[in-house]
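Please keep the sequence and the model at hand while reading.

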Amino acid sequence: MHSDRFEELAALRALGIPLGADEDEFAQHLEGCATCQALVADFTDSAAALSATATPVAPPASLKTRILGSLESGAVSPRASGGGDLSSRVKTAEAGATPQRSFAPWVFAAAAGLLLLLLVTDDARLRREREDLRSQTAAFRAQAGEGEDLRKQAAALQQEKANLSEKLRAAQRSLARRDLQARVVESDDVQLLFLQGKAPQQRARGRVFWSTRAGRGVVVAGNLSVLPAGKQYELWAFSGGKPVPAGVFDADTAGRVLFESKDLSRIGTPEKFAVTVEPRGGVEAPTGPIVLAGS
Amino acid sequence: MNLTRSDDDRALIARVEGREAEALATLYDRHSARLMGLCQRILGDTGEAEEVLQEVFLWVWRSASKFDASRGSVLAWLLVGTRSRAIDRVRTRRPGARAGLRSVETVPDTASGEDIEADSASRQWESQCRSAIAELPEDQRRALELAYFDGLTHQEISERTGTPLGTVKTRVRLGLMKLRDRIQPYTQRRPTDA
Ligand SMILES: [Zn+2]
């Protein structure tokens, strides 16, 4: 689950601040955490809002002529043709990915996604893609490090490196998303349940995807309230009419949740699910108000 | 959000991908003033801002195919690309070498100049962003501005403001969360997803 620390790292990453000693750990975490990926994307957009406080300045007319002139002189075309193949391959890799900026579209796309996920078998291809990009990035880095005299060339390499990192991150995001979905969804017994909000959180909505065979489930929810520090949401799976605890989670500040329950293996065939508010850490039997329920 | 206008930007990007220089020129007319303003805010009123702007539009020309519409608007993409290039230059400068940087306090509150092309959608976006930023607690806003415009790391912000490192990280996190929560409804430009 999400600690403030990961949120802080996501914020620093979105601002382009080097993470120092935390760099590797966060990169690794990010790869498997859809919540943090969404957070970095959201924070990047939020940071762009700061640009609005900069006063627009009309550039000199000569600049436009210069830019358009350099296109016609063909200054950029060799690079464009050189990068074409890679860029189209990465584009293909991203093509099947669902948007991850916010969960709301994801939630609605998820049901349709279940069918599309028959296509998820290309994880291996994505992994290869990622390795490719990694080694290319490393190659560019090595080239750049050899002390290239021409400033222009160094800048071009730097640019290419940035482009590659960008593609690498996109491929990683799409991998992580597929991993999570695949774990639950690749089982052919996956089921989908809709959860309705209960007063006072009647606006809350959720979905549970679960596979009895895999003993796993994923909860996607939105419009939940952020709870006081001592409280947490707890998922309950009903079996034989009795609620069995299936894990605790928090909503992010926008009220969204993407939570994978690893506890469903203990529960035979869940008849229905509910979410209650409980003391942080969870309890063995529900004590708090029901906020989401469905069967 | 003016969907027509924002879709318009996307159509332009698609045409740039098809090597239409005219489409790049239109994007330039539409957004160069805002991007130039951002460059000058970061780099000061120097020739470097023009160099960065040139780099950005050449990058757009080469990399239009990389624009991912699911991740936001064309303007946001341009701003992120411009800011990172400008910050890269700031970071390679020697400390203190910055020329002509305007402090936050002296920057006018509103966009000026009738000659600057700003369509209603981007003006709307701008005023939403400005009011969200104005509502931030002063210390959070300051920390974000030092990171965003001055390219300072969290350690540097901590030294510059005499604030413990942990506090700086918290301010940055809380500030971005507040901006995200306020601005998000306006950046969800894809109602067809729902
Ligand atoms: Zn995470």
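## Terms and basis

A residue is called buried when its relative accessible area is under 20%, exposed when that area is over 50%, and partly exposed in between. The model is predicted.

## Overview

Over all chains, the structure holds 25 salt bridges.

## A pair within one helix of chain B

B:Arg141 and B:Glu145 form a salt bridge, with an N to O distance of 3.3 Å. Both residues belong to helix H6 (residues 138-148) of chain B, where they are four residues apart, about one turn of the helix.

B:Glu145 counts as buried because its relative accessibility is 3%. B:Arg141 also counts as buried, at 19% relative accessibility.

## A helix and a loop in chain B

A salt bridge joins B:Arg160 to B:Asp150, whose closest N and O atoms are 4.0 Å apart. This pair links distant parts of the chain: B:Arg160 lies in helix H7 (residues 154-161) of chain B, and B:Asp150 in the loop between H6 and H7, 10 residues apart. B:Asp150 has 11% relative accessibility and therefore counts as buried.

## Two helices of chain A

In chain A, A:Arg5 forms a salt bridge with A:Glu25, with the closest N and O atoms 2.7 Å apart. The two residues are 20 residues apart and link distant parts of the chain, A:Arg5 being in helix H1 (residues 4-14) and A:Glu25 in helix H2 (residues 23-32).

A:Arg5 counts as partly exposed, with 34% relative accessibility. A:Glu25, at 35%, likewise counts as partly exposed.

## A network

A:Asp42, A:Asp252, A:Arg256, B:Arg180 and B:Asp181 are linked in a network of salt bridges.

Terms used
Residues numbered from 1 in each chain as written. Chains lettered and ligands numbered in written order. Predicted model: local features only at pLDDT ≥ 70, side-chain atom pairs only at ≥ 80, totals over all residues. Heavy atoms only, no water. Salt bridge = Lys/Arg side-chain N within 4 Å of Asp/Glu carboxyl O. Buried < 20%, exposed > 50% of the residue type's maximum accessible area, 1.4 Å probe, protein only.
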